[in-house]
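Student: I have a new model to go through today. Could we take it step by step, with a question for each part?

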Amino acid sequence: MLGFVKKYINNRIELLKLELTETISGLLSIVIFIIIVFSLGLMFIFLASIALGVMLGTHFNNMGLGILIISCIYLIIFMILLSNYSKIKKFIERKIIELHLNVKENELNDKN
């Protein structure tokens, strides 16, 4: 009887390890996907900013002024984000928790 209980406990531990590995791999794949999309978006914004700066520069006949205008726009955006740091942090924390709970819910639905 004791052998069966030991085997059951060991099997249960292995099952928990596998479930944890599955959850971590699911979350990690989502994080990697977000990093790739974010990187591509950042590259697009960088190149579009250069293009817009050059366009404004040719419009004003001063390349430095065009790039300075774009830089000031980014500075304003940066200051807005910095002033709302706590709200943004709470929003991101809620989204991460929601994402984790959705992964768990999907796992439960897949098992049923």
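**Salt bridges, pocket and loops**

Student: How many salt bridges are there in this model?
Tutor: Keep in mind that the model is predicted. A pair counts when a side-chain nitrogen of Lys or Arg comes within 4 Å of a carboxyl oxygen of Asp or Glu. By this rule the number of salt bridges is two.

Student: Which element gives the most residues to the lining of the largest pocket?
Tutor: This pocket has a volume of about 220 Å³. Its lining is made of Leu27, Val31, Ile34, Ile92, Lys95, Ile96, Leu99 and His100. The elements that give two or more residues to this lining are H1 and H3. With five residues, the one that gives the most is H3.

Student: Where is confidence lowest in the protein chain?
Tutor: For the protein chain, the mean pLDDT is 89, and 96% of the residues reach 70 or more. Confidence is highest in H2, at a mean of 95. At the other end, with a mean of 81, confidence is lowest in H3.

Student: Which backbone oxygen does the side chain of threonine 23 reach?
Tutor: Threonine 23 is placed in helix H1. Its relative accessible area is 4%, which is under 20%, so threonine 23 is buried. At 2.9 Å, its side chain reaches the backbone oxygen of glutamate 19.

Student: Leaving aside neighbours within four places in sequence, which residues is serine 49 in contact with?
Tutor: Serine 49 is another residue of helix H1, and it is buried, with a relative accessible area of 14%. Its side chain reaches the backbone oxygen of isoleucine 45 at 2.7 Å. Once the neighbours within four places are left aside, serine 49 is in contact with Ile70 and Tyr74.

Student: How far apart are the C-alpha atoms of isoleucine 69 and glycine 53?
Tutor: Isoleucine 69 is in helix H2, where it is partly exposed, with a relative accessible area of 28%. Beyond neighbours within four places in sequence, it is in contact with Leu56 and Phe60. Glycine 53 lies 16 residues apart from isoleucine 69 along the chain, and their C-alpha atoms are separated by 7.4 Å.

Student: What is the phi of asparagine 61?
Tutor: Asparagine 61 is found in the loop between H1 and H2, and with a relative accessible area of 72% it is exposed. Most residues other than glycine have a negative phi. Asparagine 61 has a positive value, near 60 degrees.

Student: Now the next loop: which backbone oxygen does the side chain of asparagine 84 reach?
Tutor: Asparagine 84 lies between helix H2 (63-83) and helix H3 (85-111). Its relative accessibility is 29%, so asparagine 84 counts as partly exposed. The side chain reaches, at 3.2 Å, the backbone oxygen of isoleucine 80.

Student: And what separates the C-alpha atoms of asparagine 84 and leucine 20?
Tutor: Along the chain, asparagine 84 and leucine 20 are 64 residues apart.

Terms used. Residues are numbered from 1 along each chain as its sequence is written. This is a predicted model: local features need pLDDT of at least 70, side-chain atom pairs count only at pLDDT 80 or more; totals for chains, interfaces and linings use all residues. Side-chain values use heavy atoms; hydrogens and water are left out. Helices (H or I, at least four residues) and strands (E, at least two) are DSSP runs, numbered from the N terminus. Buried means under 20% relative accessible area, exposed over 50%, partly exposed in between (1.4 Å probe, protein chains only). A polar contact is a pair of N or O atoms within 3.5 Å; within protein, one must be able to donate a hydrogen and the other to accept it, and residues adjacent in sequence count only if both atoms are side-chain atoms. pLDDT is the predictor's confidence in each residue, from 0 to 100. Contact means heavy atoms within 4.5 Å. On a 1 Å grid over the protein atoms alone, a cavity is a set of points where a 1.4 Å probe fits but cannot get out, and a pocket is an open set with protein on both sides within 12 Å along at least five of seven lines; lining residues have an atom within 4 Å of a point. Grid points are joined across faces, edges and corners, and a volume is the space filled by probe spheres set on the points.
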